[in-house]
Each structure stands twice: as C-alpha cells, then as structure tokens.
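I opened a new notebook page for this chain. I wanted the fold, then the packing.

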Amino acid sequence: MFDLLTIFLALVVLVGFVGFMRTFFLEKSAEQKTFSAGIVPKKLPNGIYQGSSSGYNGSWQGKKFDETNSTGINVFKNGENLDEKFPFKTFVAKGVRDNQQVIKIDYNIPPNPWYLRLILDEIVEVSEDRYLGKLQVRFLPGQYFTFAFFYLKKK
C-alpha cells in the first residue's frame, strides 16, 4: 500500500517531468527566438496593456502597470465589466532561464493566494510598446519551468 510520502514524491516527479518537457519544447520555439532578441527599454511599461496568448480564450485581458511604484495588476473581463486582481511588483534583473536582462513581474506578495505566488512572469520589448512575456513557475528553490508565452500591447 502506498503511503502519503510515496504519493507526494510520485506527484512531484510527474509535475517535474511535465514541466521539464514543456520548458524544453518552448525554449526551442519561434517565440523563444523572438524573446531572446527582445530588450528592456529605457522607459518601462506604464498604463494598460492588452494581453493575448496563442490558444487562450479566457477572461484575462492584460495588465496595468504603475511604473512610478514598480507595481501592477492583472485585468480580467467579468461580463461587461473589467476587474483588477492579482497584483504584482516589477523590477529589472537577469532572466531565470535566459542570459539577458528582463522585466520581472513577481506575484510573490502577500495579497495573492499561495499558488499564484509561484508564478514569475518575465517580459521584454519586441517592438515599440509591444512586449513578449514568459510565464514561469517556481518548482523547486532556484528551479523554474516555462509554461507559456504571452503578448502585451499598449492600449
């Protein structure tokens, strides 16, 4: 009979394998090539940016940045209304999986639920007021998996 520790370890191995494979394929994609050519602009994002991601049709509409306070929040459609939830802090640093400077969007702050605090988005500017981002998930200390790319465009 399996005990809880065995089930937990099997789950960790399974999630690790799926995360590794997803990251492996995404890092060989056209988006990764575009991401690697992106830059951190002198003027960081400020205001509302419309979001999109290939194959995603959910309620997420984009992000709202506050450059002055190095913060932001996600924007979601709720019927005819827009809701703001899941705040984040922003800063510039080296990418967790890429050898380049990126703008980090860190959800590891107290207002967010524990599972969202595992997410670290990284974005680079790919053309004026247009950003390509990577959704990264913390797996183990110092270990991140890439789960998706997304675009942000100034509204």
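I set my terms before looking: two strands pair if DSSP finds at least two bridges between them. Helices (H or I, at least four residues) and strands (E, at least two) are DSSP runs, numbered from the N terminus. The model is predicted, so I noted the limits: local features need pLDDT of at least 70, side-chain atom pairs count only at pLDDT 80 or more, and totals for chains, interfaces and linings use all residues. Residues are numbered from 1 along each chain as its sequence is written, and side-chain values use heavy atoms, with hydrogens and water left out.

**Entry 1: the barrel**

I looked up the bridge partner of Q50 in β8, and found K153. Strands β1 (residues 47-52) and β8 (residues 143-154) pair in the antiparallel sense, over four bridges. I then followed the whole sheet. Eight strands form a closed barrel, in the order β1-β2-β3-β4-β5-β6-β7-β8, with antiparallel pairing. Neighbouring strands of this sheet are turned by 35° against each other on average, direction ignored. For such angles, axes are lines fitted to C-alpha atoms, for helices over the stretch in contact, and angles run from 0 to 180 degrees between N-to-C directions.

Next I checked helix α2 (residues 30-37). Helix α2 packs on the sheet and touches β5 (101-106), β6 (119-127), β7 (130-140) and β8. Contact here means heavy atoms within 4.5 Å. The direction of α2 makes about 105° with that of β7.

**Entry 2: the cores**

I counted a nonpolar core as a set of buried Ala, Val, Leu, Ile, Met, Phe, Trp, Tyr and Cys residues joined through side-chain atoms within 4.5 Å. Buried means under 20% relative accessible area (1.4 Å probe, protein chains only), exposed over 50%, partly exposed in between.

Which residues touch the most other members of the largest core? I found F65, I105, Y107, I123, Y131 and L152, out of 14 residues. β2 (60-66), β5, β6 and β8 each give two or more residues to this core. Another core, of six residues, lies apart from it; L26, F35, V102 and V124 are among them.

I listed the neighbours of L152, leaving out residues up to four places away in sequence. They include Y49, W60, F65, I123 and Y131.

**Entry 3: the whole chain**

I read the pattern along the sequence as α-α-β-β-β-β-β-β-β-β. Of the 155 residues, 35% count as buried. The C-alpha trace spans about 55 × 35 × 30 Å along its principal axes.
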